[in-house]
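Here is a short briefing on one protein chain. Look over the fold first, then read the points below.

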Amino acid sequence: MASEMTRRPVSNEGRIIAFPSGTGTANVERCARELGRRHGADAIEFWKAECRRLADQLLAAGMSERDAGERVMQFQEDVQIELVLSHEKRAVAKSQKR
């Protein structure tokens, strides 16, 4: 799921940039859990803060704004996929209890 996000990017100058650890699978799953239990304005504020935090980490690590924006978009997609998968798992588990 988040395999693309766990690679360490290399800048155009050939310098290696440490990739912030907060963008991996565990963070995707954590954000999906939080979004699954939050609603309305609370969910929106949480989501904005998480995406901003990630963007800030990437920029601080030396990533270009364009590349950081792409990573944030990929992170958003990964979290949305995780939300759908977790919803499906709960629905299957609920149907099997009947």
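At what angle do helix α1 and helix α2 pack, and how far apart are their axes? Helix α1 (residues 25-37) and helix α2 (residues 40-60) pack at about 165°, with axes 10 Å apart. This is a predicted model, where local features need pLDDT of at least 70, side-chain atom pairs count only at pLDDT 80 or more, and totals for chains, interfaces and linings use all residues. Residues are numbered from 1 along each chain as its sequence is written, and side-chain values use heavy atoms, leaving out hydrogens and water.

**Overall fold**
- The protein chain has 3 helices and 0 strands. Both are DSSP runs, numbered from the N terminus: helices are H or I with at least four residues, strands are E with at least two.
- Along the sequence, the pattern reads α-α-α.
- Of the contacts with a separation of 6 or more, 57% join residues 24 or more positions apart. A contact means heavy atoms within 4.5 Å.

**The α1 and α2 pair**
- Axes are lines fitted to C-alpha atoms, for helices over the stretch in contact; angles run from 0 to 180 degrees between N-to-C directions.
- The two helices, α1 and α2, are therefore roughly antiparallel. That label is for angles over 145 degrees.
- Their crossing is right-handed. This means that the near helix is turned clockwise from the far one by less than a right angle.
- On the α1 side, N27, R30, C31, E34 and L35 take part. They meet A43, F46, W47, E50 and R53 of α2.

**Surface and burial**
- Buried residues make up 35% of the 98 residues. Buried means under 20% relative accessible area, exposed over 50%, and partly exposed in between.
- D67 lies in helix α3 (residues 65-96). With a relative accessible area of 29%, D67 is partly exposed.
- D67 and A55 are 12 residues apart in sequence, and their C-alpha atoms are 9.7 Å apart in space.

**Cysteines**
- A disulfide is a covalent bond between the sulfur atoms of two cysteines. Here the cut-off is a pair of cysteine sulfur atoms within 2.5 Å.
- The whole structure holds 0 disulfides. C31 is in none, as the nearest cysteine sulfur, in C51, is 7.6 Å away.
- C31 counts as buried because its relative accessibility is 0%. C51 is also buried, at 8%.

Note on methods. Buried < 20%, exposed > 50% of the residue type's maximum accessible area, 1.4 Å probe, protein only. Parallel < 35°, antiparallel > 145°, perpendicular 65-115°, else oblique.
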